[in-house]
Amino acid sequence: MTYGTIVVGTDGSPTAELAVAQAAALAATDESRLVVVTAYRPGESPTREVDPDRLPEDLRFVLADRVQAEELAERGRALAREAGVPTTVVRALPGEAAEVLLEAAEEFEADLIVVGSRGLGTPAHVILGSVAASVSHHAPCDVLVAHTA
């Protein structure tokens with residue numbers, strides 16, 4: 001089976017980059033479009049400094065968060081380029097990771113969502129759930145859980 005559009009999420013972590021690399025390898029093999037998505041939470045303090053004088057006060061943290069998320073997604077594009085993916089789209093979207101992946105899958109009419117396995121099998125997973133579990137239960141398409149541990 002080949003996939004026309006593959007969606008993968010990244011938070012910039014080494015395990016997420018493994019999932020991106022696996023999605024990129026599939027996309028390169030199938031000559032698929034790869035959509036690299038990063039979720040961010042508007043209003044949370046950014047992890048890198050942005051000149052606050054250059055942003056309107058009510059948008060400072062939202063834009064900083066989005067800029068950081070876009071930078072993470074761009075790193076995913078670089079990995080895809082190295083793997084030979086013909087078409088890569090990047091998106092930084094506000095929200096929780098699972099919701100953002102599902103939203104992107106709908107928007108881009110994805111045939112496959114690739115998620116990392118980080119967190120599966122831990123006690124916290126039983127209580128809190130995981131991105132992989134949530135996506136697999138609600139996905140409009142196939143889901144590949146990439147072994148990233």
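Predicted model: local features only at pLDDT ≥ 70, side-chain atom pairs only at ≥ 80, totals over all residues.
View 1. Let's start with the five strands, which form an open sheet in the order β3-β2-β1-β4-β5. Their pairing is parallel. At the edges stand β3 (87-94) and β5 (142-146), each with a single partner strand, so one side of each is left without a neighbour in the sheet. On average, neighbouring strands of this sheet are turned by 25° against each other, direction ignored.

**View 2. Strand β1 beside strand β4.** Here you can follow β1 (residues 5-9) and β4 (residues 112-116), which run parallel and are joined by three bridges. Look for valine 7, which has isoleucine 113 of β4 opposite.

**View 3. Two helices against the strands.** Helix α1 (residues 14-30) lies across β1, β2 (33-40), β4 and β5. Its run makes an angle of about 170° to β1. Helix α5 (residues 131-138) also packs on the sheet, where α5 touches β4 and β5. The direction of α5 makes about 160° with that of β4.

View 4. Aspartate 142 belongs to strand β5. Buried or exposed? With a relative accessibility of 34%, aspartate 142 counts as partly exposed, since that class lies between under 20% for buried and over 50% for exposed. Leaving aside residues up to four places away in sequence, aspartate 142 touches Met1, Tyr3, Asp111, Leu112 and Ile113. With tyrosine 3 there is a polar contact between the two side chains, at 3.0 Å. Isoleucine 6 is 136 residues from aspartate 142 in sequence, and the C-alpha to C-alpha separation of this pair is 9.6 Å.

Methods
Residues numbered from 1 in each chain as written. Heavy atoms only, no water. Pairing = 2+ DSSP bridges. Helix = DSSP H or I, 4+ residues; strand = E, 2+ residues; numbered from the N terminus. Axes fitted to C-alpha atoms, helices over the stretch in contact; angles between N-to-C directions. Contact = heavy atoms within 4.5 Å. Buried < 20%, exposed > 50% of the residue type's maximum accessible area, 1.4 Å probe, protein only. Polar contact = N/O pair within 3.5 Å; in protein donor to acceptor, adjacent residues only side chain to side chain.
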